[in-house]
Amino acid sequence: MIISEKIDEIRKRENVFSNRDRLEDGKTYIPEFLIEESDIDEIIGVLGGIKPVMQDNCFDKDLDRLKRSLNKLEIIYGLNYTISPYKYLINSPNDFCEVVDIDDNREGMVSFSISFETSLNSRSEEFFLKKSKTWDRADEFSRKFGKVMGYPECCLDFGESLSGNIGNIEAMKESMTWSKAHIRSFRNSKDVSDILNIYTVKPLVSHVPCSLDCKESIDYAKKILRLLSEEDRYYADLRRYFLRLNSLFWFYSEFFLLDGEKERNEVKYSDFHKISFSDDVFYGGLTDDLREKMERTQKMLEKGNRLVMNKNFFKVFDGGKEIGRVEKDYPFENILF
Ligand SMILES: [Zn+2]
């Protein structure tokens, strides 16, 4: 229960940023709508000068609330913003992310960018649109987008090296469960550092690092954590708690958090929590096979207190007694962080 309580706690604690009185103490005020619908780290990163621009999406039904909130940032801090004149349809049957006009009557998301420099907002929106729209050049535009966002060069190279099925949507979907960036990043790492734990809720970096010892990504994560500590020590402590957790990881929207001790390829845990939101954001949702594996794993984790990872399967134990095992289709279908 500890993990789910901490998840509730961190959500509640984020509301401290919505208190306007903070401005008098030289701290950051963030409109409530952006706390709920956007990303505190990114906003604080842009305001603190460690991130040149941020980009996010919001449902078009909330467009008025978005504009009101962004206007507040503009008045208080002098931040500029750009909102896309397009809507992005999530789970569209025609495309991974179909782009339509803003007055289309289907529900979709608008993209917005925030920066002190108007030109960065325009470029962010331009490359976000292009990478969403063109599968055959998604690579090129993802890199350009990442560069505008200020991601490290080594991580941009890494992002580019991951492609292999460009233009072939079926192949990309098929390879999703084992070739994704997060797992490749883990495989590239000699050392794993909690500060770059991207296998948890609320990681400190918004890009996928080329490895978990990427120096530039670690520097960025440290800077964000320092800013958060200055803003609200208690909130930063909650974030540190989530960075310390272990994870049985499939992909960024599907994994189990484990509170325990990890030694080599096993974790002794006292609590676990399932994180699963693919069905909300992913095109087509989860495959039946993965859904079945996760449900079976959840039942095993409930009965056990120790998880052991091997190359082709993982096992759950209650003390010395084996509860069960899950075979992997690929050696790196998932990882134990
Ligand atoms: Zn890197």
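**The sheet and its surroundings**

Tutor: M309 has F314 of β10 as its bridge partner. Before going on, note that the model is predicted: local features need pLDDT of at least 70 and side-chain atom pairs count only at pLDDT 80 or more, while totals for chains, interfaces and linings use all residues. Residues are numbered from 1 along each chain as its sequence is written.

Strands β9 (residues 306–309) and β10 (residues 313–318) run antiparallel and are joined by four bridges. Strands here are DSSP runs of E with at least two residues, helices are runs of H or I with at least four, and both are numbered from the N terminus. Two strands pair if DSSP finds at least two bridges between them.

Helix α1 (residues 2–13) packs on the sheet, where it touches β7 (254–263) and β8 (266–276). The direction of α1 makes about 45 degrees with that of β8. Helix α14 (residues 288–303) also packs on the sheet. The strands touched by α14 are β6 (246–251), β7, β8, β10 and β11, and its direction makes about 165 degrees with that of β11. Contact means that the C-beta atoms of two residues, placed from the backbone, lie within 7 Å. Axes are lines fitted to C-alpha atoms, for helices over the stretch in contact, and angles run from 0 to 180 degrees between N-to-C directions.

The whole sheet is open and has seven strands, in the order β11-β10-β9-β8-β7-β6-β12, with antiparallel pairing. At its edges lie β11 (321–327) and β12 (335–336), each of which pairs on one side only.

Now the rest of the chain. It is divided into domain 1 (1–19 + 151–244), domain 2 (31–150) and domain 3 (245–337), with bounds from an automatic or database domain assignment. The centres of domain 2 and domain 3, taken over C-alpha atoms, are separated by 33 Å.

In total the chain has 14 helices and 12 strands. Its C-alpha trace spans about 60 × 50 × 35 Å along the principal axes. Of its 337 residues, 33% are buried, that is, with 20 or more other C-beta atoms within 10 Å of their own, these atoms being placed from the backbone. Among contacts between residues at least 6 apart in sequence, 52% join residues at least 24 apart.

Definitions and conventions. A residue is buried if 20 or more other C-beta atoms lie within 10 Å of its own, exposed if 12 or fewer, and partly exposed in between; C-beta atoms are placed from the backbone.
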